Amino acid sequence: MFFSLCCLGQTNFKLTGKVVDETHQPLIGTSVLIEGTSYGVATDNNGFFSISGESQNENIKVKISFIGYKEIIESVPLKGNLDLGVIQMMPDYLSMDEILVTGTFNKASKLESSVAVTTLNKAFIKTRQQRGTGDLLLAVPGTYVDNSAGEVDARIFPRGMAAGSSTGTGFRYVSLQEDGLPIMNTLLGFAQVDMFHRYDATVERVEALRGGSTSVSSANSPGGIFNFISRQGSKDFTGELTFKGGLQGSERTYSRIDFNANGPLGKTFFYNIGGFYRHDEGARDLPFTANKGGQAKGNLLKTFKNGFVKVYGKFLQDRVTSFQYLPIRNIETAIPFEGFDLNKSALFPELKTTLPNLSEPGTDLKNPPQRNFDARDLIAAQNYSLGIEFEFDLFDNWTINNKARYSYFNQDYHQFAGNIMIPVNGVLSQGARELFPEADSLGNPVYQFYNHYDAVSGELLFRNSPDPTQNVNSIGDFLMAFAAVDLENESYDFSDLLTFSKEGERNQFTAGIYLAKNTTDIYWSADAILTTFEATPRLVYSTHPNPNFGDYKLTQIFPEVRGELVDQELLEITDEDGVLAYSSTAFTRMNMDTEVASIFFNNVYELTSSLSIDAGLRLESIRHKGEKSGFDRALTGRNLEELALFGRRNPETGELEVAYNENGQPDLFKTISGAIPYGLDGDYTTLSDYAASYNNGTIYSFNFRYNYWTGSAGANYKLNSHSAVYSRLSRGIKVPDMDFYAQNFINREVQKGAKEEIIQVEAGYKFNLPFLSLFATGFYSKLNNVPYQVRVNSGAGLSYFTPTTFNESRTIGFELESFMHLSKSFSIRSNLTLQDPRWLSFTMYNDGRLPTDRNELDPNGQPYDWQFAEVIETFENTIVRDVPRVVLDITPHFRYKKAALFFNWRYTGKRAYNNRNAAFASAYSVFNVGGSLSLTKKMLFSANCRNLFNSSGLLNFADLVGLGVTREAITSENLKNYEANGIPIFARPILPRMVTASLTYKI
């Protein structure tokens, strides 16, 4: 009887409907639940759902949720069969209710966590036209991104943290991750980590965690974590295929195809696979294709009642370009030099040649092996990765999770750097005066009479001859000297992150171990080349009359020179391909192991239902072990005293040595140990081989260990169900990466680096309602012991680093991100960063002179090295260079039925040219526009225009100006003189307009 009465109270129902996104495309896999019951389904491949059941209530609450979209909860009456029709979900670009997986130790949403994090989900990413990783990270407040190099080689400055060294790598203070593990466990300046990472359709979302909590949750990265989280398989098969094409710059083409597919292989076995391929001529006028290649990624997921196991892999094979600097006349107005266009020019000579490979000790220098340099090879990058992750619930609420990945990286790098301006009638410059000093003193016209030819076509470009009627000049007043950078980097990388967590009634405790090892082998060689000074530079073959021949015969100067050498009419300043000096501007041969061992602990405790506190501690040990080769130079016609002091040592005594004549001057033709008379080929009339660097067999070994602790504590207080406040205090440490050892210690013992200390304080307010979400954070960061040094050109074909100074900076700032649904058809997303990054104390060595007293100690109590300048300067309260004080990004979205349209305005404030604040680059704005149209339920058309008005803005400046002087040495008065006298400053501008259209087909 009782059972019958209960049954009479039940109402049968059937609920149906369709869920679509903001473009009316089906949202596959959307969760549809009836609250308070066990009834629930996921939408099918067409976005449809159907739920049948029984209920005693007159109304039921339907909860519809999908990652990246605003959750919908509606009360509907029970009327038997009820069709809810088409339900359109709106993007939740702030993802306030989404559970975080990056850098946190408890399963909680943004509203419940005491961290500052931005989520870039698929809904948001679809509206962006990102060229690469850096472009996508532009959307993260508090993080300034310099993406002027193109698809790769971005520079990231979190909360005003700018590397003290000019050679600092772009991701110095942050960790770029895939699925919770660092892509690489060390940083190398040329092998930037983003060169081995590409965004494609396999990415589910990006979690960008900034601030102090990363000091505990990630190794050696106190500034932030950017975690690219991959899609994984689902119960229903889904797939998408996108074709994209467009034009950029001066109508250079861009084409790309992305794909992703996932589904079941069984009831508890799932897969996801995807990738991309693209062919990109480049944003600027290169003589070749800029970016070409692609990647494939996939994972297999096996679920169990108490956990899962996932295996994943990646295969990347790509060729990309990092755009270089362009000459400008004025920093504040961004006026380009005559003949150059900031939206088109690229300064990439088309060099293809064979050069001596002098990387191995014992090489036959008269007949060395060869290496090929072809500018069309670009930056060839390979990344093969294989990983596994598992997680299981254990006894008594304990959970174990382990992530492990092994990666192989290979990089073959052919690019150009440097920007030394040379008068067309002064190519030999200081080197000539060292080679022929007596000729100079006799007033001989040896420095005047040049012949410059196009090295490819043979066309005579310039001639200055004793007969003025024979003179030719079609290239102006200047030539340029570049470094043709030829690098080989090979790396093996392993990471393992093991965590144990226990969830109690009011607290969650986590303990973990992180172990990693990276082994890298590098060979760097940079060859000086000579080109015309024009937007599309031509390689120059240059000759000069031989002072020992004919009218210029000066054999009395060189009594050692006799016979056939005197009968050669010309000196060849470059070789026939335009190479000015083999391996002269850089030579590095090094292998190094980086080993990381960390243990960490964190506890989150709920004091009340509204207040939670957390505290964490990380103990870390990083070991750097390796060998770096010394080198000599086959240099006899230059200043041998400088050569000897640069590092030439007697192999028996180990002493620096140089030969002097009776006047106390270096004897130009008495060679010291290791030098080769007249260069590699034994012919003093060919100059390109004089300065060739070669491995001399000397090994400088090093083995350093850095031990330190980091910590962080925070609190989060929920004011109500839709708002909260939080605060956090942290101490982080940054120790050197591989780049520190590779760039420094030229022919001398390798020394241990310094530990930078980063103190951060932050507090924020979070608010989330269906029509408005916002996240506001105020922060203070202080960097202690920040190392600074800069590479200096000695003026004789050699370069060196100034001594390291250690400095202090601080940044006070405010971050705001918000998303407003003003109506169902109109919304606005905005980001704002206000910051004041300043040097509390900044000390530098200015380049220019040798110390007069070689026994003098520097400010750190260390002996001066021969090449280090004695001019020491200190600045206080100057603004940190390159970092803007204001960045504003506003994006209104308009939607009407199956169409969507967005506009984007991004404003970037002034940036300091150097740390002495000699000038400020002007603020600039970039406007972007795009839209989409749902053609069918499975087909979406999209179009985007980036930098709509071809705005100009300067993001980065070369460390050397046109004269080869470091930018830190430049004063405001220098800049005025340079502009008045036509001497360029070199800068890297933002990229030009890019227009694309794409068609996406959902399977």
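**View 1: N904, a buried asparagine.** With a relative accessible area of 5%, N904 is buried (under 20% relative accessible area, with exposed over 50% and partly exposed in between; 1.4 Å probe, protein chains only). The model is a predicted one, so to speak of local features takes pLDDT of at least 70, and side-chain atom pairs count only at pLDDT 80 or more, while totals for chains, interfaces and linings use all residues. Residue numbers run from 1 along each chain as its sequence is written, and side-chain values use heavy atoms, with hydrogens and water left out. N904 sits in strand 46, residues 899–908 (strands are DSSP runs of E, at least two residues, numbered from the N terminus).

**View 2: who N904 touches.** Its side chain makes a polar contact with the side chain of D889, at 2.8 Å (a pair of N or O atoms within 3.5 Å; within protein, one must be able to donate a hydrogen and the other to accept it, and residues adjacent in sequence count only if both atoms are side-chain atoms). Setting aside neighbours within four places in sequence, N904 is also in contact with residues including R128, I890 and F927 (contact means heavy atoms within 4.5 Å).

**View 3: L120 in strand 8.** Here we're looking at residues 116–121, the strand that holds L120. L120 counts as buried, at 0% relative accessibility. L136 is 16 residues away from L120 in sequence, and their C-alpha atoms are 8.5 Å apart. Beyond its neighbours within four places in sequence, L120 has contacts with I125, L136, A139, V140, R205, V206 and R829.

Definitions and conventions. Helix = DSSP H or I, 4+ residues; strand = E, 2+ residues; numbered from the N terminus.
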